[in-house]
Amino acid sequence: MKASTCAFALAIISHVASAFISPSTFAPIKDVGRYFTSTKQLYATIDVDEDTSRDTASMEEWSYAYGIGRADGIQLVGEDVDGFLDVHVETAQELPAGTSVMYIPSDVILSSNRAIAEFGRLEEAESLLQANGVENEMREFYLMLKILVELEKGEESPYYHYFNGLPRFFANGPSMTPFCYRCIPPFAAK
């Protein structure tokens with residue numbers, strides 16, 4: 001995946017303008033309760049195997065259903081790269097410099113602040129993070145918790161089609177953040 005293109009497209013969040021393609025009816029993202037129990041396996045509905053095809057068509061439908069808009073001429077383009085679907089954003093027409101290319105409603109954005117508001121402060125988990133010297137990663141913990149809760153819900157999650165459209169294979173290091181590298185033990189490399 002062309003990480004710089006994707007990051008650029010997703011990072012540009014601005015006001016709604018008439019130039020955006022109209023989204024279909026917005027369906028609200030529902031909060032989960034603070035306490036939950038489940039015996040589901042995380043991989044039960046989203047296959048995370050590197051060879052699994054990405055469902056970008058459903059992801060695009062999901063984005064319209066949840067109010068994500070894009071400027072006219074912005075499109076997702078897929079191409080086969082070494083047997084994997086590489087999807088990136090392209091323009092089908094010239095856009096003036098400074099043009100907003102995407103609008104993402106704040107209710108759809110997965111954020112640590114929203115996760116903390118949803119789950120409350122998890123004192124025991126925070127204490128464990130502090131005891132292990134990674135208290136500066138607290139926000140990432142809450143965001144990851146939210147993602148895991150949504151993955152566990154499988155098809156019941158409003159984010160299911162978004163997650164199922166994400167890449168499962170990354171061919172280069174630049175697509176990973178320093179946080180990713182700290183999470184991967186040295187013995188996990190192939």
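Me: What share of the residues in the protein is buried?
Reply: This is a predicted model, where local features need pLDDT of at least 70, side-chain atom pairs count only at pLDDT 80 or more, and totals for chains, interfaces and linings use all residues. Residues are numbered from 1 along each chain as its sequence is written, and side-chain values use heavy atoms, with hydrogens and water left out. Buried means under 20% relative accessible area, exposed over 50%, and partly exposed in between (1.4 Å probe, protein chains only). Of the 190 residues, the buried share is 29%.

Me: Which pattern does the protein follow along the sequence?
Reply: Helices (H or I, at least four residues) and strands (E, at least two) are DSSP runs, numbered from the N terminus. The protein has 7 helices and 4 strands. Read in order, they give α-α-β-β-β-β-α-α-α-α-α.

Me: Is Thr-56 buried or exposed?
Reply: Thr-56 sits in helix 2, which covers residues 56-65. Its relative accessible area is 18%. The cut-off for the buried class is under 20%. Therefore Thr-56 is buried.

Me: Which residues is Thr-56 in contact with, leaving aside its neighbours within four places in sequence?
Reply: Contact means heavy atoms within 4.5 Å. With those neighbours set aside, the partners of Thr-56 are Leu-85, Val-87 and Gly-165.

Me: In what sense do strand 2 and strand 3 pair?
Reply: Two strands pair if DSSP finds at least two bridges between them. Strand 2 (residues 74-81) and strand 3 (residues 84-91) have 8 bridges. They form a hairpin with 2 residues between them. Their pairing is antiparallel.

Me: Which residue in strand 3 is the bridge partner of Glu-79?
Reply: Strand 2 spans residues 74-81, and strand 3 spans residues 84-91. In strand 3, Glu-79 is bridged to Asp-86.

Me: How many aromatic pairs are there?
Reply: Rings of Phe, Tyr and Trp (its six-membered ring) pair if their centres lie within 6.5 Å; planes under 30 degrees apart count as stacked, over 60 as edge-to-face and the rest as tilted. By this rule, the count of aromatic pairs is 6.

Me: Why is the pair of Trp-62 and Tyr-66 tilted?
Reply: The ring centres of Trp-62 and Tyr-66 are 5.4 Å apart. Both Trp-62 and Tyr-66 are buried. The pair is tilted because the ring planes stand at 35 degrees.
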